[in-house]
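This briefing is organised by topic for a reader who has the sequence and coordinates at hand. Please consult the structure shown here alongside the points that follow.

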Amino acid sequence: YNLGQLIFLYMKNLLQGTSRQEISVFNFINTLMPETTVLKNNRQVLNGKELDIYVPSRKFAVEFNGLYFHNDSMKNDPFYHLQKSVECEKKGIHLIQIMSDEWEQKKPLVLDLIRKSLGKCDNVSLQNCKIVEISKQEGDLFMKRHCLLEEDPHASLYYAILLDNEKMAVASFKKEKNWTLTRYVERMGFTVHSGLKKIIDEFKTQHSLPLTATLDRRLYQKYDFIEAGFEEIEPTNPNVTITKDFKKRFPLKEKTSDEKLEKQGWHKVYDCGNRRFLLCT
């Protein structure tokens with residue numbers, strides 16, 4: 001093969017891989033909800049913009065973002081994903097946007113997020129639960145097993161919701177000038193009714209406010225935070241990760257010019273940014 005043929009074969013493989021992955025998500029939702037209409041590649045809801053997968057009865061949608069087609073060389077607008085999320089929110093649609101490396105590396109957690117978003121998981125009542133402080137080691141291990149996102153390495157305080165000595169949810173906090181809630185994560189397969197509110201109530205008995213929090217807008221909804229007493233404040237702009245092989249993203253740890261990144265073979269990938277919250281009383 002010459003260089004042009006090799007590039008063509010590589011791109012063909014990327015295209016087919018993304019298509020297979022998206023179809024796998026579509027088939028999973030169909031299996032999860034066999035009595036429900038699940039639409040693919042719908043352009044009516046967002047007036048011409050495509051939703052890869054849409055469940056009208058649940059007002060729930062999934063976008064599958066292959067890294068090759070969703071980096072800065074292909075999608076020149078850094079706000080592309082954020083704008084689609086905002087448009088869905090205005091129509092009352094819960095949109096989650098999956099990156100292809102998440103599907104390849106953390107598929108069970110992606111499937112769990114979809115199940116929870118569609119209410120297809122077990123509900124845990126707080127009636128027989130208790131809130132306890134746990135060690136950083138225990139907290140980090142729980143996050144690694146049950147959280148789709150990476151834990152903040154600066155988290156130092158962890159609370160867990162226990163049911164029969166099993167951790168059903170864990171929240172992590174870090175202290176800088178003030179306290180910040182870095183993650184709230186529920187056990188795979190379960191949701192804890194009012195779990196975040198219960199942990200925040202316990203936190204307030206031991207630590208001073210204000211308390212800030214961020215939430216990945218690409219994946220999660222805000223309602224647990226509002227129930228817990230947080231006020232939503234100005235969101236962040238899209239976050240940036242980088243990729244070379246379109247198979248895995250890495251954090252952009254320092255300011256680097258676009259020219260230098262391009263010379264080194266890196267491509268930027270933008271997400272939807274974070275929601276930000278503040279709790280003062």
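Helices and strands are taken as DSSP runs, helices being H or I with at least four residues and strands E with at least two, and both are numbered from the N terminus. In those terms, Arg 58 lies in the loop between S2 and S3. The model is predicted.

- With a relative accessible area of 40%, Arg 58 is classed as partly exposed.
- Leaving aside residues up to four places away in sequence, Arg 58 touches Met 33, Leu 118 and Lys 120.
- Arg 58 and Gly 119 are 61 residues apart along the chain, and their C-alpha atoms are separated by 9.6 Å.

**Helix H2 and its packing**

- Helix H2 spans residues 80–90, and its buried residues are His 81, Leu 82, Lys 84, Ser 85 and Cys 88.
- Viewed down the axis of H2, these buried residues fall within an arc of 160°, so they line one face of the helix.
- An α-helix has 3.6 residues a turn, so residues three or four places apart point the same way.
- The partners against which the buried residues of H2 pack are strands S1 (39–46), S2 (49–55), S3 (60–65), S4 (94–99) and S15 (267–270).

**Cysteines**

- Which cysteine sulfur is closest to that of Cys 88? It belongs to Cys 272, and the distance of 9.8 Å is too far for a bond.
- Cys 88 is buried, its relative accessible area being 0%.
- With a cut-off of 2.5 Å between cysteine sulfur atoms, the count comes to 0 disulfides.

**Salt bridges**

- How many salt bridges does a search of the whole structure find? The search returns 22 salt bridges.
- Arg 43 and Glu 50 form a salt bridge in which the closest N and O atoms are 3.5 Å apart. Arg 43 is partly exposed at a relative accessible area of 45%, and Glu 50 is also partly exposed, at 22%.
- Glu 138 forms a salt bridge with Lys 167, with 3.6 Å between the closest N and O atoms. This pair links distant parts of the chain, since Glu 138 is in helix H5 (residues 136–146) and Lys 167 is in strand S8 (residues 166–175), 29 residues apart. Glu 138 is partly exposed, with a relative accessible area of 35%, and Lys 167 counts as partly exposed at 22%.
- A further salt bridge joins the side chains of Lys 197 and Asp 201, at 3.1 Å from N to O. Lys 197 and Asp 201 are separated by about one helical turn, because they are 4 residues apart in helix H6 (residues 195–206). Lys 197 is partly exposed with a relative accessible area of 33%, and Asp 201 is partly exposed with 30%.

Notes
Residues numbered from 1 in each chain as written. Predicted model: local features only at pLDDT ≥ 70, side-chain atom pairs only at ≥ 80, totals over all residues. Heavy atoms only, no water. Buried < 20%, exposed > 50% of the residue type's maximum accessible area, 1.4 Å probe, protein only. Arc of directions from axis to C-beta. Contact = heavy atoms within 4.5 Å. Salt bridge = Lys/Arg side-chain N within 4 Å of Asp/Glu carboxyl O.
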